[in-house]
Amino acid sequence: MSRGGGKGLSLKDKLDGNELDLSLCDLNEVPVRELAALPKATVLDLSCNNLISLPSDFCSLMHLVKLDLSKNRLQQLPLDFGRLVNLQHLDLLNNRLVTLPVSFAQLKNLKWLDLKDNPLDPVLAKVAGDCLDEKQCKQAAVKVLQHMKAIQSEQDRQRQRKLQAEREMEKKREAEQRAKEAQERELRKREKAEEKERRRREYDAQKAAKQEMEKKTKKETVQTRKPVSSSRPPQPPRHKPSWSRSVLRVLLFVLFCILCALAACKLTELQRQPLCVSVNTLYEDVVAALQNHKTLQNMLQHNSQQ
């Protein structure tokens, strides 16, 4: 027999009906593989060995009904110890256990339990009580299972509360995200409306400027088309012919006729004609009168100077 874990050990030689006694074998670890090959061994005695812990695959030995792990050095049980659902009798006397895994509450068939001589948590030690007789060991199994079920329920509630809190937090984050997205959409919508309003104002301003330019151009075009204001100097307004102009024209025409007649009478052979004689005489009288008038004017001017 090997102290390293039972290698080379024939477990079948130890099997007596459904009981397998591996106590006092100085085992440091449990030969799980060999035990799994013996599903008939529903009663397993591993007491009085050097076991510090149980491997995780030990919980695959679901055929076990009675298990004796007393007088070892176990500090803890596997977390999934509750998989041993067929277990009815469990002896953990004189180990180093402080707590039990929460999955312990799943051992619904457990009828007998001994936890004496372990440095148990005070609450767990009080719940387990003593196991000095059959009755106390049965009560210990019932009370510990109830206690572990309460712990499991509390952990489940905490897990549910945590899960609910995480869900609420997720909902809150989603709501905040939706609110943020809605705010961003509203901001983009407002910016788009402002941009549209700005473009509309620019369009109106450009349209007004274009209309003003068209008006100015049209006004300049009209002013350019006026002949007086652009290229020609202003001309005096034309007055309608009046009676004074007509009289003046008549007088000028008469004077012209007189001069023509006088010239004809003076320079042509008609000067001997009676009419021309009269005209010449009249001309000489007028000239003499003008000379006399000029002489008189000179005299008056001379007197005024003295």
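## Salt bridges

There are 13 salt bridges in this structure, a salt bridge being a side-chain nitrogen of Lys or Arg within 4 Å of a carboxyl oxygen of Asp or Glu. This is a predicted model, where local features need pLDDT of at least 70, side-chain atom pairs count only at pLDDT 80 or more, and totals for chains, interfaces and linings use all residues. Residues are numbered from 1 along each chain as its sequence is written, and side-chain values use heavy atoms, with hydrogens and water left out.

Let's start with Asp-114, which pairs with Lys-116 at 2.9 Å between the closest N and O atoms. Asp-114 is buried at 4% relative accessibility; buried here means under 20% relative accessible area, exposed means over 50%, and partly exposed is in between (1.4 Å probe, protein chains only). Glu-154 and Arg-161 also meet through their side chains, at 3.2 Å from N to O. Both ends of that pair are partly exposed, Glu-154 at 28% and Arg-161 at 47%.

## Charges along H4

Arg-201 and Glu-197 make another salt bridge, with 3.7 Å between the closest N and O atoms. They sit four residues apart in helix H4, so about one helical turn separates them. (Helices are DSSP runs of H or I with at least four residues, strands are runs of E with at least two, and both are numbered from the N terminus.) Arg-201 is partly exposed at 47%, and so is Glu-197 at 30%.

Then there's a network of salt bridges that links Glu-195, Arg-198, Arg-199 and Glu-202.

## The nonpolar core

The largest nonpolar core has 42 residues, and Leu-46, Phe-58, Leu-67, Phe-81, Phe-104 and Val-144 touch the most other members. Such a core is a set of buried Ala, Val, Leu, Ile, Met, Phe, Trp, Tyr and Cys residues joined through side-chain atoms within 4.5 Å. Helices H2 (32–36), H3 (122–128) and H4 (134–225) each give two or more residues to this core, with H4 supplying the largest share, four residues.

Leaving out residues up to four places away in sequence, Phe-104 touches Phe-81, Leu-90, Leu-110, Leu-113, Val-144, Leu-145 and Met-148, where contact means heavy atoms within 4.5 Å.

## Cysteines

The disulfide count is one, going by a pair of cysteine sulfur atoms within 2.5 Å. The partners are Cys-131 and Cys-137, with their sulfur atoms 1.4 Å apart. The torsion about their S-S bond is about 100 degrees, which makes the disulfide right-handed. Cys-131 is buried at 6%, and Cys-137 is buried at 2%.

Elsewhere, Cys-25 is buried at 6% and Cys-59 is buried at 0%.
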